[in-house]
Amino acid sequence: MNLYNPLKVVPPLVTGLWTTFKSTLKKPVTIQYPEVKRPVRERYKGRHELKRYDNGLEKCIGCALCAAACPADAIFVEASENIDEKRFSPGERYASTYEINMLRCIFCGYCEDACPTEAIVLGDNYELSFTDRSQAIYTREMLLDPVPAGGEPTPREVEPGSFDRSIPEMKDPA
Ligand code: SF4
Ligand code: SF4
């Protein structure tokens, strides 16, 4: 019987042991998360971010096109009027309420595509865990990027007539 024939049994056994030995020489692939975080792929779609201009003004103009484009009905936007004494974004309006229900979101990126000012962007943050349904509602304050260096926070007082365009000049996407 083959089972007791050393010529049939030993070579596969040695091959198996050699494979195991070789794997012990390789660098481990285990990542010590959360202390070490592996970079995500370039086109990864993670948690949304609401972007600001370099001067600190918010890119979102409260138009709700992202909410209209969302197939999961995950976005709620409520807009308010900007005034020169209290300006959040260029143009007439800003999003006074902006919420995304992460329990509904399917990370399709349609909101990003629909946004005329490139305000909403799916970033690389994948740490989305909650212990309560209400924690899955990400508000405008949670989503807004920090004010860039050299910029000013919002709201801010500006000279009358300094901002009259909602949509900035933009290059076609590469
Ligand atoms: S990524 Fe898709 S599902 Fe999620 S909020 Fe945007 S449009 Fe809606
Ligand atoms: S994120 Fe973009 S599409 Fe959505 S309300 Fe703001 S400006 Fe409009």
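What follows is a friendly chat about a predicted model.

Me: Before we dig in, what kind of model is this, and how are things numbered?
Reply: It is a predicted model, where local features need pLDDT of at least 70, side-chain atom pairs count only at pLDDT 80 or more, and totals for chains, interfaces and linings use all residues. Residues are numbered from 1 along each chain as its sequence is written, while chains are lettered from A and ligands numbered from 1 in the order in which they are written.

Me: What about ligand 2?
Reply: Ligand 2 is surrounded by 14 residues, with C60, C63, C66, C115 and I120 the closest. Its shell divides into 12 nonpolar, two polar and no charged residues.

Me: Switching topic: what's the strand order in the open sheet?
Reply: The three strands of this open sheet have the order β2-β3-β5, with antiparallel pairing. The edge strands are β2 (75-81) and β5 (137-139), each pairing on one side only. From one strand to the next, the twist averages 20 degrees. Strands (E, at least two residues) and helices (H or I, at least four) are DSSP runs, numbered from the N terminus. Two strands pair if DSSP finds at least two bridges between them.

Me: How many bridges join β3 to β5?
Reply: Three bridges join them. In β5, I137 is the bridge partner of N101.

Me: Now the largest nonpolar core: which residues touch the most other members?
Reply: Those are C60 and I75, in a core of 21 residues. β3 gives the most to this core, with four residues. A nonpolar core is a set of buried Ala, Val, Leu, Ile, Met, Phe, Trp, Tyr and Cys residues joined through C-beta atoms within 7 Å.

Me: What does I75 touch?
Reply: Not counting residues up to four places away in sequence, I75 touches C66, A67, C70, I100 and C111. Contact means that the C-beta atoms of two residues, placed from the backbone, lie within 7 Å.

Me: Where is R140, and why is it called partly exposed?
Reply: R140 lies in helix α4 (residues 140-143). R140 counts as partly exposed because it has 19 C-beta neighbours inside 10 Å. A residue is buried if 20 or more other C-beta atoms lie within 10 Å of its own, exposed if 12 or fewer, and partly exposed in between, with C-beta atoms placed from the backbone.

Me: How far is R140 from E49?
Reply: R140 and E49 are 91 residues apart in sequence and 9.1 Å apart in space, C-alpha to C-alpha.

Me: Last one: what kind of peptide bond joins Y33 and P34?
Reply: That bond is cis, with omega about 10 degrees. P34 is found in the loop between α1 (6-25) and β1 (48-50). The peptide bond from T154 to P155 is cis too, with omega near 0 degrees.

Key. A residue is near a molecule or strand if its C-beta atom, placed from the backbone, lies within 6 Å of it. Ala, Val, Leu, Ile, Met, Phe, Trp, Tyr, Cys and Pro count as nonpolar, Asp, Glu, Lys and Arg as charged, and the others, Gly among them, as polar. Axes are lines fitted to C-alpha atoms, for helices over the stretch in contact, and angles run from 0 to 180 degrees between N-to-C directions.
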